Amino acid sequence: MLDTLIKHVTAVTMDDEQHIYTNAFIGIKDGKITYVGKIEPDEAAEKVIDGTGMLAMPGLVNTHSHAAMALMRGYADDYALQEWLNDHVFPVEGRLTGRDIYWAMLWAQAEMLATGTIAYTDMYMQLPSMAQAAVDGGLYANISNGAMCFNPDGYNFETDGVTAQNLEVLEKFHGADDSRVKLDVSIHAEYTSFPGLWQDFARFAKEKGLNMHIHLSETRSEHENCVAKYGKTPTAILAENGVFDTRATAAHCVWVTEEDMEILKEKNVTVAHNPVSNLKLASGIAPVAKMFEKGVRVALGTDGVCSNNNHDLFEEIKLAALLQKGVNYDPRLMPAYRALWMATRAGAFAQGRENQIGQLTAGFDASLILVDTEKPGLYPVHNPVSTLAYSVRGGDVSLTMIRGKVLYENGKYYGLDVEKIREKLFPILHRIFNA
Ligand SMILES: [Zn+2]
């Protein structure tokens, strides 16, 4: 007996053969996909979902977020990055408690579920609170606390606050709920730390078998200052210090050189491309088409909501495709399928979940989304891939399922109490913004 059978759906599987099935059936049992194809399975199902007029695809993976920044949506827009960070973001962040971050992350996850995201890679602070929010939110989460220190003389890895939090979360939360929640190691960025710190955290990641998450060459000044300081690019100097010796996600990579791309390729680093944030902060446009040409894996992220201002990955999918066409004067670059691949398969690999999520294939987790296309704005569907990449917006997602459980459907949440979460935010917002 199947738990769920989705009938008569158009399935964009994102599998290795790039199968797209019309009028397809997706069988689900014990949280896994047991069947995808055009023939109706014989097995009866406890629950049947009529997928007529719907598109099914794997849920999206957001490979670079700061989910708790959901509190800062629309706060401090239209500033340059350093001014934005130093004069606006850091003072507010200095007032955030672990509980604040917990509720903010639940709020962000509600938005992600409603816009088709099932997994996210998050860098922030107060790691134990992040971990609890990740456990309670229901999404796949790779969480990390970005290590940063401006004073090499006062730094000691053993007594560093991030180390203590990493160890606590490694013990209490890493691998929670059958590895739905994982600890990553994070170095905030090259320009906010120094080689000794990089080496220590890189060694820790390697010893414990954890992924690495870092901001890399986001702005021109960051890139150029590093070359002036070390005689090497951020990519080169970090690689030399072992930062990419475990599975790594490098966010932004707007200002990387061709040699940097070769290093990223050789080290099998996934680039998290955040086109909306990069444009909003006027950091530039990452050379993503070139990265693909060089064989670098590129996934997608939203970055924090304070520089986006939402967690809608469909916006990133469309923009990622359009930007490369536009800046290279070539509409053949970054076709729709590739943009979807970035938001699914590439993200799944970045998180170390390439055997669980990112495709609709028997044996994979039943973590998928449905989009109803029988409405203005989405009908007709001449090409489901094109509809998903260029027409669908996050708000068009009808249903989000993770491991066979429907967590969101047509405005309703099954698991998260969004009214309660929003009420919890009132006093937090009052305290941190009226201080
Ligand atoms: Zn970021």
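The model is predicted: local features need pLDDT of at least 70, side-chain atom pairs count only at pLDDT 80 or more, and totals for chains, interfaces and linings use all residues. Numbering starts from 1 along each chain as its sequence is written.

View 1. Helices (H or I, at least four residues) and strands (E, at least two) are DSSP runs, numbered from the N terminus. Along the principal axes, the C-alpha atoms fill a box of roughly 70 × 50 × 40 Å.

View 2. Of the 435 residues, 54% are buried (20 or more other C-beta atoms within 10 Å of the residue's own; exposed means 12 or fewer, partly exposed in between; C-beta atoms placed from the backbone). Among contacts (C-beta atoms, placed from the backbone, within 7 Å) with a separation of 6 or more, 74% join residues 24 or more positions apart.

**View 3. The buried side of α7, residues 220-230.** E222, H223 and C226 are its buried residues. They span an arc of only 100° around the axis, which puts them on the same side of α7. The arc is that of the directions from the helix axis to the C-beta atoms. Their cover includes α8 (234-240).

**View 4. The other side and the end of α7.** R220 and A228 are exposed on the other side. Just after α7, G231 takes a positive phi of about 75°.

Note on methods. Contact = placed C-beta atoms within 7 Å.
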